[in-house]
Amino acid sequence: MSKVFGFSGVDNFCPGGSIYACGNPKEASLFLPLGPQVDVYFPPRKRSRISAPFVFNGEWLEQKQKTSIESLPDECLFEILRRLPAGQDRSACACVSKRWLMCLSNICKSEICCNKSAAPQSSLSVKEGDDEEFGGEGYLSRSLEGKKATDIRLAAIAVGTASRGGLGKLSIRGSNSDRVVTNLGLKAVGHGCPSLKSLSLWNIATIDDEGLIEIANGCQQLEKLDLCKCPAITDKGLIAVVRKCPNLTELSLESCPNIGNECLSAIGKSCSNLKSIAIKDCSSVGDQGIACLFSSTNLLLSKVKLQALTISDLSLAVIGHYGKAVTDLVLNSLPNVSERGFWVMGNGNGLQKLKSLTVGPCLGLTDVGLEAVGKGCPNLKAIHLRKSTLLSDNGLVSFVKATSSLESLQLEECHRISQLGFLGVLFNCGAILKAISLTSCFGFKDLNMVLPPSSPCESLRSLSIINCPGFGNATLSVLGKQCPQLQHVELSGLNGVRDAGLLSLLESNEGGLVKVNLSDCVNLTDKAVSSLVNLHGWTLEVLNLDGCKNVSDASMVAIAKNCPLLCDLDVSKCTITDTGIAALAEAKQFNLQILSLSGCSLVSDRSLPSLKKLGSTLLGLNIQHCNSISSSTVDMLVEQLWRCDILS
Amino acid sequence: MELLCIRQWISGLLPTVKKWLSAWCIKPVGGALVRQEPEYILLALMGSPLKKIMLCSSEKEIFSVEEQVMVQHSVIINNMIEDGSYNHEESKIPLDCVDSKTLKKVIDYCTHHTHHHNDNQEDLEAWDAQFLNVDSNGLYDLLMAANYLEIRNLLDLIYGTIKNMIKGKKIDEIRRIFNIKDHGFTPEEEEQNRKEYPHFY
């Protein structure tokens, strides 16, 4: 091309573009007057003498322009964008291009400058969008998962929410895809969302301390932080958050191997508002950290959860001594804790306010340990023990004797507990125990026992026995006599329970049962159900007979006659036919809200009118796996029972 | 030169000098500088605004402009002159990234603002608006020049103008103005944006 321009025809070869591109600066006579007419002022052109291999048109002109408005350097773009007030315009610019979005997201609140209004007298009138407070009050919440979790989305969220109320809650679930969230994304959030209150980061290996420091600098109103599987984050990042966010109240760390004791001691020193902490599976956390955390004077933790850590008896000793404000304590899977730990914790006399204790698979929880805990926590109301394989009947009974305020006892998979222990609890619990629950305790054997007469436990309201195969009629009848004020009974998956046992329980009950769950007790028949509704129908609100194969239409008739308050009925997998449903529909004063017929293959389309009649009060209907109900019936039901949520 | 000639020369210049003096805020305080003695005026004018400096554009064109004008506006030039690297007799300041047309405009701006410093706000703004009535390439060139020379108020003016070009426009228009052909979003992201902000497109 330069050859063409080297052609020295001064007047008759005039390109349409800027003259300066032609590389003939010596020709000062071609110095043109300024103004928008630059491109237009030219002497009249003659045709070019050379057949040019190009065409005179706009495209050619653009090719020659090497620099123009789209190649603004970043700092100029930053200056322009930072003059835009928060509002519609910023959100629009965020959608223009990726570069603009990233630039916008880097502007933090202090860098936005509002332009002075041109006419001073209108300084009181506010233009639309100009007065929106940057960052807002934090009303919005956003959640990014999987493929959508990218820096660009984060930047867009940061810019977009700033003018629409502000981002209050953000949760990011990473994935193993190519496009991930990195520190840039967190930086955008830090700059753009000063009102962020809750942040949750799961499974993001590409974020490290830098990102967290940006958040700490920008989002100083952070209250909840939840980190799970972020291996690149170390103490440094978390310490920054702890120091700069004085409102931090909840902290949860899971599977972050690089966060350790240093961070916990920093928390102990700087966080005065932290109330709840949960640490799970962080291999670097040890006794030292826990000790610093609890022994600090300005930190009053009330909810503590420690799971799968390598801490030892020392930590429990510290908790027992210093945990003055702890109300909920959860200790799961602590392999290095032994009986001594629990004993020291109980004897530390510091856990005065402890209300709820949950202990997961810890080999350290033995009879001695549990008894010490019972003695040392005078306000303990609820205890939940899972997989305490070393706990025996004696230990349980002595624990119950030692506590003075226990209201709820839950045992799960404690296989050394048998009915002796269970009954021991009932005899010794005093008048405070309200709820007992046993799940999967295989140590139960149904034995006929002759028991000494003792006063019944008037306070027990809720009994729940789930999947304990040895539980049978004998124990049930004893239970019935011992606990006459039960309102909530759950006997689930108990093959050993038959009509006679249930009958004795029902007869002894004086208070009136409100919620009864007999799911999967396959040996119960209509007789049991009829007696149940005859005796207790006037208080019964919830009845669950899921999986009781031997229950049939006769029960439905009985239910319809006797249960005016019933609002939740589950007869899934029972032998119910259309007659039964018809009987239900005919009940007077029936106020059924939730009905579940899933798996009842004998219910067919002929039940449609009955279902419609029931549907006037129904809010939820489950007809999954009802093979005899055709899809047209289902559609009709859906159409007509518009208030009802139908699962089919 | 004999003192008498100097006196005559300076007296001839007095009216113009007074005008310049008022323009550069060297206001006569309590009548002190209004003394007509030429020697005083000469003293006051030492290091004088009559000094010119040479600016050389990328096309090797030389522009001569009053030193005081450029020093007032351009931080770069001010620094160059203050630290003495500029020799008034010989050197020219090379500005290789500014072409002649833009340089002339920049000089225009600085000169006008220096001389019309005392005009009221509305007139100055009207002049500025007229000054910036160029196409986007011209604007870009001015921006680059102002950025290089660090002329703060011209930069603010241009940024404000570009910001006004963006304000209130739809995204497609903005992309056209700034000639952004490749927005860099993936198709899903673009789709998402269109759904979330349909009124911007």
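Domain bounds here come from an automatic or database domain assignment. On that basis chain A of this predicted model is divided into domain 1, residues 73-106, and domain 2, residues 527-647. The centres of domain 1 of chain A and domain 2 of chain A, taken over C-alpha atoms, are separated by 60 Å.

Chain A as a whole comes next. Its secondary structure comes to 23 helices and 20 strands. Chain A has 648 residues, of which 53% count as buried. Taking contacts in chain A between residues at least 6 apart in sequence, 83% join residues at least 24 apart.

A:Leu170 is found in strand 2 of chain A, which covers residues 167-173. Is A:Leu170 buried or exposed? Its relative accessibility is 0%, so A:Leu170 counts as buried, the cut-off for that class being under 20%. Once neighbours within four places in sequence are left aside, the residues in contact with A:Leu170 are A:Arg142, A:Leu154, A:Val189, A:Leu196, A:Ser198, A:Leu199 and A:Ser200. A:Leu140 lies 30 residues from A:Leu170 in sequence, and the C-alpha atoms of A:Leu170 and A:Leu140 are 8.7 Å apart in space.

The cysteines are a separate matter. A disulfide is a covalent bond between the sulfur atoms of two cysteines. How many disulfides does a search of the whole structure find? Over all chains, the search finds 0. A:Cys93 is in no disulfide, and the nearest cysteine sulfur, that of A:Cys95, is 9.1 Å away.

In chain B, a pair of helices can be examined. Helix 7 of chain B (residues 136-149) and helix 8 of chain B (residues 152-166) pack at an angle of about 145°, and their axes are 9 Å apart. The crossing of these two helices is left-handed. On the side of helix 7 of chain B, the contact is made by B:Leu139, B:Leu142, B:Leu143, B:Ala146 and B:Asn147. Helix 8 of chain B contributes B:Leu154, B:Leu155, B:Ile158, B:Tyr159, B:Ile162 and B:Met165. By class, the contact between helix 7 and helix 8 of chain B has 10 nonpolar residues, 1 polar residue and no charged ones.

How values were computed: Residues numbered from 1 in each chain as written. Chains lettered and ligands numbered in written order. Predicted model: local features only at pLDDT ≥ 70, side-chain atom pairs only at ≥ 80, totals over all residues. Heavy atoms only, no water. Axes fitted to C-alpha atoms, helices over the stretch in contact; angles between N-to-C directions. Helix = DSSP H or I, 4+ residues; strand = E, 2+ residues; numbered from the N terminus. Left-handed = near helix turned anticlockwise from the far one by under 90°. Contact = heavy atoms within 4.5 Å. Nonpolar A, V, L, I, M, F, W, Y, C, P; charged D, E, K, R; others polar. Disulfide = S-S within 2.5 Å. Buried < 20%, exposed > 50% of the residue type's maximum accessible area, 1.4 Å probe, protein only.
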